[in-house]
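Please study the sequence and the structure before reading the solutions.

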Amino acid sequence: MSASQYNFASQDFLNSALATLQTEQQALGVLANQIDARFVKACNLILACTGRVVITGMGKSGHIGRKIAATLASTGTPSFFMHPGEAGHGDLGMLVPGDVLVAISNSGKSDEIMMLMPLVKRNAIPLITISRDDGGPMPQLAEVALTLGESKEACPLGLAPTSSTTATLALGDALAVALLEARGFTADDFARSHPAGALGKRLLLHVSDIMHKGNELPKILPNTSLHGALLEMTSKRLGLAAVVDEKNHVLGVFTDGDLRRTFEKMNSIEGNMSIEQIMTKTPLTIGADVRAVEALELMNHKKINQFLVVNDQDELIGIITMHDIISAGVN
């Protein structure tokens, strides 16, 4: 059936969308009034947890629970989702002493979760519940019963979980953020659990991770001839040669740009002229422990394409180029 066969005008779609958002917004307002000492107790219970925070929920509550578990795990609170149906057939072994169980059920009486309660209590697993109110059997068994409050679903039939799942998700986010702040969780900590992402690369990659070093480095002495310098630059393919003394201390740098500028200033160039005569004597350097993203920002600011990498004794230990940083996925 095509869209034109439905008796629904464009404005009807917009009105429906806005009504849904308004209803769910109201549910969040109701939830805000439920945040009290119970929320504080739940946070302290999780902070004291020596194991993992195990989230469980059936149906749509389970889908929301998976997201809450993922958010907690990525923000410093070890967590995973346990399907209550599978738990009754062996997966309850995932739950061990030291863990905290967070059970989600809007009604507070999920049969699949209630079936697990005797073993949960026998193993002295602290229980936090999330439900509409505290009248169901699950909240009655909980150390902390978090509630969403009474609000209508956005579904006009009052059947599909909509406002209730939105409120549950928001409450999970509130827990994760409160715990994150209590732990002093930083952007670096976040990056460690996201090493493959763009943020992880920006925060975790340092100059030392991607710089050229060892035999890859084009190095010459100050008395090296221009011809010798060009041979070293060509063989190492970095567009420059670092000028160092006998003890590997940086004295200068000779780049493709230096070569062009030398041609412009002089009528003729002899291949045996000393590189010391035409090198840049105050090269820009950087430390190996600097983040790659900071090196890239400095390159853009200084309008250069590479840095000599030196240690505290001003000895050459590497070279990093803009191409190296961008190829590593940092931008």
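This is a predicted model: local features need pLDDT of at least 70, side-chain atom pairs count only at pLDDT 80 or more; totals for chains, interfaces and linings use all residues.

Residues are numbered from 1 along each chain as its sequence is written, and side-chain values use heavy atoms, with hydrogens and water left out.

**Exercise 1.** Compare the span of helix α8 with the expected one, and state which of its residues are buried.

Solution. Step 1: helices (H or I, at least four residues) and strands (E, at least two) are DSSP runs, numbered from the N terminus. Step 2: the expected span of a helix is 1.5 Å times one less than its number of residues. Helix α8 has 21 residues, and its first and last C-alpha atoms lie 30 Å apart, close to the 30 Å expected. Step 3: "buried" denotes under 20% relative accessible area, "exposed" over 50%, and "partly exposed" the range in between (1.4 Å probe, protein chains only). The buried residues of α8 are S163, S164, T165, A167, T168, L171, G172, L175, A176 and L179. Step 4: these buried residues pack against α1 (10-32), α2, α3 (60-74), β3 (100-104), β4 (127-131) and β5 (144-147). After the helix comes G184, with a positive phi near 70°.

**Exercise 2.** Describe how α2 packs against α8.

Solution. Step 1: two packed helices are described by the angle between their axes and the distance between the axes. Axes are lines fitted to C-alpha atoms, for helices over the stretch in contact, and angles run from 0 to 180 degrees between N-to-C directions. Step 2: helix α2 (residues 37-47) and helix α8 (residues 163-183) pack at about 55°, their axes being 10 Å apart. The pair is therefore oblique; angles under 35 degrees count as roughly parallel, over 145 as roughly antiparallel, 65 to 115 as roughly perpendicular and the rest as oblique. Step 3: contact means heavy atoms within 4.5 Å. From α2, the residues F39, A42, C43, I46 and L47 meet L171, A174, L175, A178, L179, A182 and R183 of α8. By class, this contact has 11 nonpolar, no polar and 1 charged residues. Here Ala, Val, Leu, Ile, Met, Phe, Trp, Tyr, Cys and Pro count as nonpolar, Asp, Glu, Lys and Arg as charged, and the others, Gly among them, as polar.

**Exercise 3.** Is α3 oblique or roughly parallel to α8?

Solution. Step 1: the axes of α3 and α8 are 9 Å apart, at an angle of about 15°. Step 2: α3 is therefore roughly parallel to α8. Step 3: K60, I64, K67, I68, T71 and L72 in α3 meet T165, T168, L169, G172, D173, A176 and L179 in α8. The residues of this contact comprise 6 nonpolar, 4 polar and 3 charged.
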